[in-house]
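Here is a short briefing on one protein model. Please keep the sequence and the 3D view open while reading.

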Amino acid sequence: MVDTNVAVKANGGTEIGEECNSACVDALSSIVSGKRVLLLDSLGHILDEYLRQRPHGYPQGPGDQFIVWAVTYQTNPGSCTTISITEDQRKVYAEFPDDPELDGFDRDDRKFVAVAISDGRRPPILNAVDGDWRDFGPALARYVTVEELC
């Protein structure tokens, strides 16, 4: 699982350090090279979010190239696995934990948690700089594994 901020930070920028940028690039490279499989959702919400972050035109950096790769290989079972999740009016996704300690967790990031839980193997969710993953870390740890890259 790759939170969108990893692809964004893999492209670099002045606000992140070289170590963070390298960790993001390495994480994405491990997926593109086949060392890890990318998990996507059956509703297409993860890919939609990735595409909203990618500038139009030619991919400019490693994060953009990862997004192009994800779109290209989304149906290749050796590269990507699509996990079924269900929308829910209250929790956003039915698979998201019904846990009062997670009520304030970012609704946009709930898709990653729902997919990780539905997968059943507790795949790590890669995060670069999104503070919600750390802020809700103890509650999330009961359900998913978050791999902090930065």
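In this predicted model, N127 sits in strand β5, which spans residues 124-127. Is N127 buried or exposed? N127 counts as buried because its relative accessibility is 0%, and the cut-off for buried is under 20%.

**Around N127**
- Neighbours within four places in sequence are left aside here.

**The α2 and α4 pair**
- Helix α2 covers residues 18-32, and helix α4 covers residues 62-73.
- Their axes lie 10 Å apart, and the packing angle is about 25°.
- Angles under 35 degrees count as roughly parallel, so α2 and α4 are roughly parallel to each other.
- The crossing of α2 past α4 is left-handed.
- On the α2 side, the contact involves V25, L28, I31 and V32.
- On the α4 side, P62, G63, F66 and W69 meet them.
- This contact of α2 with α4 is made of 7 nonpolar residues, 1 polar and no charged.

**The nonpolar core**
- In soluble globular proteins, nonpolar side chains tend to be buried together.
- The largest nonpolar core here has 43 residues.
- Which residues have the most contacts inside it? They are V2, L38, Y50 and F66.
- With neighbours within four places in sequence left aside, L38 is in contact with V2, Y50 and F66, among others.
- Further contacts of L38 are I31, W69, A70, S79, C80 and T81.
- I31 belongs to the α2 side of the helix pair, and F66 and W69 to the α4 side.

Terms used. Residues numbered from 1 in each chain as written. Predicted model: local features only at pLDDT ≥ 70, side-chain atom pairs only at ≥ 80, totals over all residues. Heavy atoms only, no water. Core = buried A, V, L, I, M, F, W, Y, C linked by side-chain atoms within 4.5 Å. Buried < 20%, exposed > 50% of the residue type's maximum accessible area, 1.4 Å probe, protein only. Contact = heavy atoms within 4.5 Å. Axes fitted to C-alpha atoms, helices over the stretch in contact; angles between N-to-C directions. Helix = DSSP H or I, 4+ residues; strand = E, 2+ residues; numbered from the N terminus. Parallel < 35°, antiparallel > 145°, perpendicular 65-115°, else oblique. Left-handed = near helix turned anticlockwise from the far one by under 90°. Nonpolar A, V, L, I, M, F, W, Y, C, P; charged D, E, K, R; others polar.
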